[in-house]
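Q: Hi, I'm new to this one. Could you walk me through how some of its helices pack?

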Amino acid sequence: VYEILARTVYGKRKRTEVGVDRLVNEGAYTAAYPLHEGPFKLQSHEIHPDELNQRQVLHYYWARWCKWFKYQPLDHIREYFGEKIALYFAWLFYTAWLLPAAIVGTLVFVSGVMSMDTNTPEDICSSGAKYPMCPLCKTCDAWNMSDICTMAKLGYLFDHPGTVFFSVFMSFWAVTFLEFWKRKMATLAHHWDCMDFHEEEQERPRPEFAATAPTVEENPVTGVKEPYFPEKTRLSRMFTGSMVIVLMLCVVIIFLVTVVMCRGVISVMMYQSGSPVLRTEAGTIANICSSIVNLGFILVMGQVYTALAEQLTKWMHRTQTQHDNAFTLKVFIFQFVNFYSSPFYVAFFKGFVGYPTNYGTLFGMRNEDCGPGGCLIELAEQLFIIMVGKQLINNIQEFIISKVKAWRQKRTLASVLGDDEQDEPRPWEEDYKLVPCGGLFEEYLEMLQFGFITIFVAAFPLAPLFALLNNWVEIRLDAHKFVCEYRRPVAERAQNIGVWFNILEALSHLSVIANAFLIAFTSDFLPRLLYQYKFSNDLNGYVNFTLAYAPLNYTDYPYKAFRDNDGMYTLFYWELLAVRLGFIIAFEHVVFFVLRAIDWIVPDVPESLELKIKRERYLAKQALAENQEALL
């Protein structure tokens with residue numbers, strides 16, 4: 001029925017006045033949607049399962065909160081909503097894969113807690129007033145190394161040998177998961193008869209494209225004349241879109257600098273407060289406050305850019321698939337920079353402060369140094385606030401906004417019907433009260449968490465656990481939305497999750513490089529290891545070894561760096577740099593080699609399925625040959 005509605009000419013074909021989508025787009029109709037198969041609520045609990053409609057089956061056995069432990073009924077979902085939505089819920093089998101990652105991450109964190117007291121260098125906690133340290137700002141006083149004992153212990157939770165093992169484990173986990181997802185995707189595509197489906201060849205032009213295209217040209221595949229944008233117009237629009245993306249990325253960087261300066265101002269205020277507690281925890285308080293501000297910026301900018309990207313992509317692409325892929329890529333690039341710019345800054349750029357008499361500055365303020373517990377604990381704080389905060393806010397929004405939209409729809413319908421409203425509403429009126437289905441883009445975009453659990457997993461081993469808990473809630477919310485709160489979407493065919501798979505592969509490869517640099521340059525793992533190899537296996541004197549004294553006639557207080565009294569790097573620094581670079585090369589080569597081996601060993605299509613496909617092709621050829629013989 002939808003095909004007939006979509007292809008029916010209502011005006012002049014030259015102007016592509018074709019299809020119900022164009023009429024809805026121009027406001028002739030307010031909506032066009034397939035009906036749900038009756039109500040989702042059961043009339044009584046005595047009904048036999050065979051008497052339930054498909055919507056009631058999905059609600060009773062899947063969409064309710066008490067069914068959180070059930071697998072996804074993919075065949076039922078596909079039968080009711082189509083392959084595209086069924087593949088999204090199939091992709092959420094990633095939640096089951098998070099279980100081993102969450103268990104290993106929790107064990108790594110617990111091992112850090114248990115060994116925290118025995119592995120923190122004694123020099124820090126028992127030093128008393130032995131190590132008065134260089135002031136952290138021009139108006140600040142000196143501080144004692146022993147003041148940071150608690151933060152040094154907490155820093156060990158995220159900076160110990162277990163996190164190195166876990167980052168390697170998660171690299172293997174990510175690529176193994178993607179390999180098995182490819183196999184599952186192939187199995188489902190064959191089971192649903194979508195393996196040879198090519199969206200671009202069968203799709204019609206989008207209504208917005210048809211309405212604004214200046215010329216008409218013959219489609220080389222179908223031979224039918226269709227709306228067409230000349231190459232020059234397309235290139236100019238692409239250039240404009242690219243400039244807007246660059247401009248918005250610059251805005252994100254400006255916000256990042258603002259957050260950095262905000263953190264510096266809060267730190268100075270804490271130091272000048274005079275309170276010993278506030279002075280000791282100034283860096284932590286500033287980091288938490290700035291992370292919350294940063295989360296607010298991230299969420300607001302995400303909404304602004306998504307709306308802007310929709311406008312930039314609206315007129316350029318002929319088919320819905322081309323539009324969705326371009327829109328996805330635009331928003332993902334922006335959201336990646338939006339979400340990960342601050343963690344990348346803390347992980348790889350924070351801490352380049354210079355040395356006394358030669359401090360680096362930004363707008364007159366001294367560059368930020370890592371806090372007492374090191375940069376990894378600050379990175380863990382940021383990841384926790386951004387990741388968990390975003391998940392909580394998104395889930396609350398999904399729950400509340402859908403209710404508000406449904407309430408507005410009911411009011412709209414009541415105003416349209418007026419006195420004609422009946423006691424027994426007709427099915428299309430009942431469904432008009434529901435919220436229009438906005439597609440799967442926002443649902444897939446929430447899987448940005450894949451980056452949090454792979455790229456920075458060395459700093460935050462509990463990330464897979466929080467992702468697992470969120471996804472259990474997410475599956476139930478999404479199931480309830482599609483079955484109970486959304487109008488039934490038109491079923492669409494698909495053989496995979498499209499450009500999202502390429503994005504996930506890129507994230508999994510980036511995670512290997514990011515974790516290698518994180519362990520080598522941000523973690524204290526390699527400096528401790530080199531010190532144990534060269535000087536003392538039990539880290540005696542390690543804290544004193546990491547301190548340098550300021551140039552003469554400046555101050556008598558030490559600061560943390562591998563420098564001599566003239567501010568030049570020591571021999572140990574260059575040895576450590578060589579070890580760090582060697583570790584990065586070894587880590588990347590070993591991990592990428594194993595990843596390629598897994599990719600080679602695990603075929604994209606299961607062997608049993610491959611045999612089945614070959615058998616089907618053989619039988620099809622046999623049937624064709626027999627048919628030709630019969631005709632002859």
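Q: Which residues in H10 meet H26?
A: Ala186, Thr187 and His190 in H10 meet Leu609, Lys612, Ile613 and Glu616 in H26. Contact here means heavy atoms within 4.5 Å. Helices are DSSP runs of H or I with at least four residues, strands are E runs of at least two, and both are numbered from the N terminus.

Q: What classes of residue make up the contact of H10 with H26?
A: The contact has three nonpolar, two polar and two charged residues. Ala, Val, Leu, Ile, Met, Phe, Trp, Tyr, Cys and Pro count as nonpolar, Asp, Glu, Lys and Arg as charged, and the others, Gly among them, as polar.

Q: Before I go on, where do these values come from?
A: This is a predicted model, in which local features need pLDDT of at least 70 and side-chain atom pairs count only at pLDDT 80 or more, while totals for chains, interfaces and linings use all residues. Residues are numbered from 1 along each chain as its sequence is written, and side-chain values use heavy atoms, with hydrogens and water left out.

Q: Thanks! At what angle do H10 and H26 cross?
A: H10 (residues 161-191) and H26 (residues 607-631) cross at roughly 30°, and their axes come within 11 Å. Axes are lines fitted to C-alpha atoms, for helices over the stretch in contact, and angles run from 0 to 180 degrees between N-to-C directions. H10 is therefore roughly parallel to H26 (under 35 degrees is roughly parallel, over 145 roughly antiparallel, 65 to 115 roughly perpendicular, the rest oblique).

Q: And how do H5 and H21 pack?
A: H5 (residues 83-91) and H21 (residues 463-485) pack at about 165°, with axes 11 Å apart, which means H5 is roughly antiparallel to H21.

Q: Which residues make that contact?
A: Ile85, Tyr88 and Phe89 come from H5, and Glu474, Ile475, Asp478, Ala479 and Phe482 from H21. By class, that is six nonpolar, no polar and two charged residues.

Q: New topic: how many disulfides are there?
A: The count is zero, taking a disulfide as a pair of cysteine sulfur atoms within 2.5 Å.

Q: Is Cys484 buried or exposed?
A: Cys484 is buried, at 6% relative accessibility, whereas Cys437 is partly exposed at 25%. Buried means under 20% relative accessible area, exposed over 50%, and partly exposed in between (1.4 Å probe, protein chains only).

Q: Last one: how many helices and strands does the chain have?
A: The chain has 26 helices and 10 strands. Of its 632 residues, 47% count as buried.
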